[in-house]
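Try each task yourself before reading the solution below it.

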Amino acid sequence: MRQPLFILALPRSYTSLIAGMLGQHPQAYGLPELNLFTVDRLIEMWQDGPDKTGMSRFQRHGILRAVAQIYAGEQSSAAVVMANHWVAARQSRSGMQVFREIADAVSPLMAIDKSPAHVVSPVFLQRIYDAYPDAFYLHLTRHPTNQGHSVMKIQDGGYALSVNSIDYCEGEAVIDPQIAWHDINLNILELLEKVPPRQKMHVRGEDVMAEPLQCLPRICRWLGLRDDLEALEDMLHPELSPFATVGPINALFGNDPNYMRDPVFESHLPKHPPLRAPLPWRMDGACLKPEVQRMALEFGYSH
Amino acid sequence: MPTRNRLGNISAPSDMLPELPPHLQVLRDDLQKRVQASRVRHYLDRELSHLSGNREIAASVRLLFDGQGRPSENLSLKEIVRFRQKIETDIQWLEAVLTELRSDLAVIRELEDAALDVADIQRTEENC
């Protein structure tokens with residue numbers, strides 16, 4: 001059986017688009033955000049504690065839409081009702097067992113998972129690696145200023161706040177997504193230290209946006225997938241995935257809602273702001289912290 | 001790769017965050033209040049724009065439409081109505097099941113109490 005591909009990245013890093021593109025490869029199956037490695041037992045995804053935000057309900061949509069599509073072949077409310085029964089029957093299983101069942105169901109296609117919730121914690125990442133020591137791991141990055149700016153434009157930076165990405169400075173607490181950018185990428189780097197070189201690859205999202213026909217074949221060859229023109233043409237149409245649009249009324253999301261509004265890929269050259277420039281979300285003129293700049297330089301972004 | 005330190009507490013679940021010094025905790029609480037207030041303000045702005053007769057109802061659910069304003073093919077009005085009816089039926093069904101389960105539980109508790117009473121009497125008789 002083909003080993004799955006795990007795309008490890010922060011949200012708002014072209015993750016949905018690139019996962020959607022790779023998922024359209026004829027030998028691959030792009031899954032919605034399953035979040036299965038964030039829980040010990042599947043039932044935990046249905047247990048909203050007092051601490052959970054409203055987003056947790058939406059985090060279940062991915063598994064429901066995946067099951068609906070894989071087993072019923074459609075995205076309808078009836079198929080999602082069936083999916084609810086499917087997960088209820090597996091509520092005491094581990095997230096890893098359920099993921100394995102889904103990956104087996106789409107075999108011989110390569111299962112492609114990108115769940116930004118996984119990278120928040122080293123515990124979740126370790127669960128993935130324990131379950132799949134032979135899998136492929138794609139570390140996807142975006143320029144810290146652009147990624148942070150994008151995060152701050154959605155719900156006043158709600159994502160950054162939800163992961164405690166707060167900078168305490170000069171008598172004020174400020175939401176600052178660069179802390180999440182640094183620490184989450186550090187989580188990923190620490191995991192990848194354990195992964196053999198053959199199984200890991202770092203890709204800058206900007207490079208895929210600018211030169212898809214150079215980057216995608218390289219990724220395909222690394223994964224052992226075809227890189228012919230037909231396969232590349234398929235990958236340039238992520239909008240054709242059943243998960244690229246809003247789902248049925250009882251499982252609307254399972255992916256970034258902004259991506260689902262416009263999943264069509266258009267090649268473009270993203271701007272790279274200087275790493276030492278003031279940050280657009282900081283009213284005090286603060287810049288990227290030295291640790292963040294150093295890490296960004298390692299990823300190939302420049303001053 | 002050299003060991004690097006983290007800048008924050010990204011990976012700590014919110015109920016397991018390390019305790020902040022009081023002055024930082026005050027700053028954090030204040031930040032959360034400000035963000036919440038900002039969200040409420042944006043929500044009210046949107047609601048008021050509806051009231052002003054602009055008929056921008058779609059704006060509040062715009063995430064359900066694509067970039068050209070078209071609804072997803074998975075989300076027809078017919079499907080939404082059918083699902084609403086199903087939810088109403090499910091609620092009636094589950095309420096009936098809940099009533100039945102509560103009734104069964106009450107009966108079982110009665111039986112348990114009766115069995116314990118009998119066991120108590122037997123134990124007392126054996127001790128005598």
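**Exercise 1. An aromatic pair**

Are Tyr129(A) and Tyr137(A) buried or exposed? Find them, then classify how their rings meet.

*Solution.* Keep in mind that this is a predicted model.

Step 1: Tyr129(A) is buried, and Tyr137(A) is buried too.

Step 2: A pair of aromatic rings is described by the distance of the centres and the angle of the planes.

Step 3: The ring centres of Tyr129(A) and Tyr137(A) lie 6.0 Å apart and the planes are at 65°, so this pair is edge-to-face. The cut-off for that label is an angle over 60 degrees.

Step 4: Now widen the view. Tyr129(A) and Tyr137(A) belong to one aromatic cluster, together with Phe6(A), Phe37(A), Phe99(A) and Tyr132(A).

**Exercise 2. A second pair to compare**

*Solution.* Step 1: Over all chains, the structure contains 12 aromatic pairs. In one of them, the rings of Tyr71(A) and Trp86(A) have centres 5.5 Å apart and planes at 35°, so the pair is tilted.

Step 1: Trp86(A) has a relative accessible area of 8% and is buried, whereas Tyr71(A), at 38%, counts as partly exposed.

**Exercise 3. Salt bridges around Asp167(A)**

Which side chains meet Asp167(A) in a salt bridge? Trace them, and find where the partners lie along the chain.

*Solution.* Step 1: Start with Arg282(A), whose side chain meets that of Asp167(A) in a salt bridge of 2.9 Å, N to O. Asp167(A) lies in strand 5 (residues 166-169) of chain A and Arg282(A) in the loop between helix 13 (257-261) and helix 14 (290-298) of chain A, so the pair ties together parts that are 115 residues apart in sequence.

Step 1: Go on to Lys289(A), which forms a salt bridge with Asp167(A) at 3.3 Å, N to O. This pair also links distant parts of the chain, with Lys289(A) in the loop between helix 13 and helix 14 of chain A, 122 residues from Asp167(A).

Step 2: Look at the accessibility. Asp167(A) counts as buried at 11%, and Arg282(A) is buried as well. Lys289(A) is partly exposed, with a relative accessible area of 21%.

Step 3: Asp167(A), Arg282(A) and Lys289(A) are linked with Asp176(A) and Asp284(A) in a network of salt bridges.

**Exercise 4. Checking a helix length**

How many Å should helix 9 (residues 177-192) of chain A span? Compare the expected span with the model.

*Solution.* Step 1: The expected span is 1.5 Å times one less than the number of residues.

Step 1: For the 16 residues of helix 9 of chain A, this gives 22 Å, and the end C-alpha atoms are 22 Å apart, which agrees.

Step 2: As for cover, 15 of the 16 residues of helix 9 of chain A are buried.

**Exercise 5. Reading chain B**

*Solution.* Step 1: Chain B has 3 helices and 0 strands. Of its 128 residues, 13% are buried. The accessible surface comes to about 10600 Å², with 57% belonging to carbon and sulfur atoms.

Step 1: The average pLDDT of chain B is 82, and 84% of the residues score at least 70. Confidence in chain B is highest in helix 3 (residues 77-127), at 90, and lowest in helix 2 (residues 57-60), at a mean of 54. Where pLDDT is low, the predicted coordinates should not be read in detail.

Step 2: Val40(B), Tyr43(B) and Leu44(B) make a nonpolar surface patch of about 270 Å². Tyr43(B) lies in helix 1 (residues 22-54) of chain B and is partly exposed, with a relative accessible area of 43%.

Step 3: An α-helix has 3.6 residues a turn, so residues three or four places apart point the same way.

Conventions
Residues numbered from 1 in each chain as written. Chains lettered and ligands numbered in written order. Predicted model: local features only at pLDDT ≥ 70, side-chain atom pairs only at ≥ 80, totals over all residues. Heavy atoms only, no water. Patch = residues over 30% accessible without salt bridge, like charges linked within 9 Å, V, L, I, M, F, W, Y side chains within 5 Å. Areas by Shrake-Rupley, 256 points an atom, 1.4 Å probe, with all protein chains shown as cover. Salt bridge = Lys/Arg side-chain N within 4 Å of Asp/Glu carboxyl O. Helix = DSSP H or I, 4+ residues; strand = E, 2+ residues; numbered from the N terminus. Buried < 20%, exposed > 50% of the residue type's maximum accessible area, 1.4 Å probe, protein only. pLDDT = per-residue confidence, 0-100. Phe/Tyr/Trp six-rings, centres within 6.5 Å; stacked < 30°, edge-to-face > 60°.
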